[in-house]
There are 4 protein chains.
Amino acid sequence: MSHKNSFSFPIRVYIEDTDAGGIVYHVNHIKYMERVRTEWLRSEGIDHYLAGDRGTDPQVAQNLPNSSFSFVVHQLQITYHQPAVMDNLLIVSIEAVSCGAASFVIKQHIERDDIVDGIMTRVSIASAEVKLACLNADLKPRRLPSNIRDLIQTALSD
Amino acid sequence: MSHKNSFSFPIRVYIEDTDAGGIVYHVNHIKYMERVRTEWLRSEGIDHYLAGDRGTDPQVAQNLPNSSFSFVVHQLQITYHQPAVMDNLLIVSIEAVSCGAASFVIKQHIERDDIVDGIMTRVSIASAEVKLACLNADLKPRRLPSNIRDLIQTALSD
Amino acid sequence: MSHKNSFSFPIRVYIEDTDAGGIVYHVNHIKYMERVRTEWLRSEGIDHYLAGDRGTDPQVAQNLPNSSFSFVVHQLQITYHQPAVMDNLLIVSIEAVSCGAASFVIKQHIERDDIVDGIMTRVSIASAEVKLACLNADLKPRRLPSNIRDLIQTALSD
Amino acid sequence: MSHKNSFSFPIRVYIEDTDAGGIVYHVNHIKYMERVRTEWLRSEGIDHYLAGDRGTDPQVAQNLPNSSFSFVVHQLQITYHQPAVMDNLLIVSIEAVSCGAASFVIKQHIERDDIVDGIMTRVSIASAEVKLACLNADLKPRRLPSNIRDLIQTALSD
């Protein structure tokens with residue numbers, strides 16, 4: 001499977017991610033997807049979480065993210081194809097789908113390289129479509145920052 | 001909002017459920033929904049998780065669930081309406097949507113009673129549609145057990 | 001086992017709490033303990049988490065905790081005695097150990113009622129000693145609020 | 001701070017790890033420590049989680065860990081020094097303390113490189129001492145496998 005216009009990042013499965021069924025608890029796939037959204041923005045030099053008011057201690061403040069916007073998941077649709085298990089090294093990707101004024105839509109895939117009949121094969125674990133809304137510091141919808149919009153538009157035109 | 005044929009259960013928000021944005025981390029709404037699916041089945045006398053082989057220690061074994069089927073989430077679609085925050089007492093409900101041979105579909109709502117303009121009002125936090133597949137002990141699809149099928153069929157005819 | 005001066009609260013184990021070993025993931029016992037600290041303070045009418053600045057939206061703000069102090073775990077020592085598993089109904093308790101100017105120490109036990117040789121027996125799952133420090137809105141140490149101090153002193157004199 | 005005989009591994013803080021106080025939720029430090037124990041054993045070629053009986057599906061089975069032992073945390077003592085926050089890149093280390101027949105003790109540190117007065121400084125976030133017990137497939141204590149014992153003995157003699 002090949003994904004145009006996509007960013008991908010490896011995620012290791014730890015015991016904390018599994019459940020008593022012996023597989024990765026289904027909710028954790030969605031955590032993995034958010035981690036990779038963060039890494040995608042980081043790779044573009046974009047910090048995207050709000051600090052809020054964490055007080056005046058400079059030692060604390062210097063380590064806090066600080067920006068005038070954040071993203072929240074507005075809608076998410078996920079399909080699970082195969083279980084992931086302890087120690088798996090998953091590949092999580094993002095591709096742009098569409099861009100609105102105050103939100104955008106992406107697809108995310110979780111895959112794993114398995115040896116199937118002696119051949120290394122990329123197997124789909126889960127796929128999702130996620131609509132992210134942009135909020136200002138008051139948690140009100142706001143227009144996408146221009147650097148985010150540019151990033152998505154560029155991905156869409158690839 | 002009133003939901004026909006539905007089961008509901010209260011869930012308290014703890015600090016572990018929140019994130020640095022000051023609200024419940026979006027993934028945790030999906031955990032709440034699974035907890036309430038478990039409580040729904042428990043209220044009908046149905047234990048639904050597989051034990052697998054946990055060894056022969058009777059002190060351990062006596063505390064283990066043991067059944068010949070389990071459910072996995074096959075598809076999930078969620079929309080977030082309002083943030084939930086620390087200390088909220090949420091009401092999470094389930095209603096049956098459809099029933100297949102080896103899977104079924106439900107809707108789940110997360111709501112909260114807020115005082116809006118002096119009037120207690122039930123506010124929607126998030127809504128989801130979830131397709132659950134039934135697996136046997138080998139993690140292969142199997143027909144729904146008859147007690148589960150009866151439970152869903154009864155709910156559907158309400 | 002009987003605990004003087006103690007508060008206790010039931011905690012249900014869900015599939016999200018377990019790991020691929022088939023038992024509750026060890027870190028989650030510590031989450032359970034924090035939930036019960038919150039319920040202990042709630043039972044005394046004390047909300048204890050800081051809001052920080054969450055913006056000016058009144059619909060959001062009305063649902064936010066708001067106080068001029070919070071607690072952080074400064075030290076924690078835990079011993080695990082028996083595994084807990086899916087569906088267990090655990091009893092988590094707190095008892096006061098000592099009270100300082102800006103911190104206090106408690107013991108917390110996680111137990112479960114098992115049938116051992118035909119007799120209902122309370123079995124110890126885990127025990128911890130936790131030192132909690134009180135912080136102000138700037139995350140600096142501050143004196144314990146008087147209602148918290150009174151609560152702990154009363155528990156100590158029981 | 002320099003740690004003799006130690007293994008270290010970087011851990012990135014994601015939004016899922018934080019809480020409404022704006023800092024990493026205290027329980028997650030202990031998850032980070034377990035991840036790094038897994039990476040330490042992986043770096044030595046040791047897989048250490050039990051598979052149990054996951055059924056006969058070869059596609060599932062090939063991805064499962066499989067060994068005749070596992071480790072559980074028997075005792076853990078942690079002290080928190082400084083908060084960690086969103087986007088931090090933490091350094092988590094392990095050093096051997098002592099080795100018994102069926103258990104061993106390690107120290108683990110979580111640190112961060114901060115710029116303090118213009119100078120890159122390694123700051124301590126949290127420190128723990130962890131006693132791990134070795135169990136067989138029946139969750140009974142068993143002697144440490146010889147490769148684990150050798151690994152710890154070598155670390156102790158460094």
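Start in chain B: select I148(B), L151(B) and A155(B), the buried residues of helix α3(B). Buried means 20 or more other C-beta atoms within 10 Å of the residue's own; exposed means 12 or fewer, partly exposed in between, with C-beta atoms placed from the backbone. Look down the axis of α3(B): these buried residues fall within an arc of 60°, so they line one face of the helix. The arc is taken over directions from the helix axis to the C-beta atoms.

This is a predicted model, where local features need pLDDT of at least 70, side-chain atom pairs count only at pLDDT 80 or more, and totals for chains, interfaces and linings use all residues. Residues are numbered from 1 along each chain as its sequence is written, and chains are lettered from A and ligands numbered from 1 in the order in which they are written.

Next, show S146(B), T154(B) and S157(B), exposed on the other side of α3(B). Helices (H or I, at least four residues) and strands (E, at least two) are DSSP runs, numbered from the N terminus.

Move to chain A. In α3(A), select I148(A), L151(A), I152(A) and A155(A), which are buried. They fall within an arc of 90° seen down the axis, so they line one face. Their cover includes β3 (89-99) and β4 (103-116) of chain A.

Last, select L90(D). Its contacts (C-beta atoms, placed from the backbone, within 7 Å) include P10(D), Y32(D) and I125(D), not counting residues up to four places away in sequence.

Terms used
Contact = placed C-beta atoms within 7 Å.
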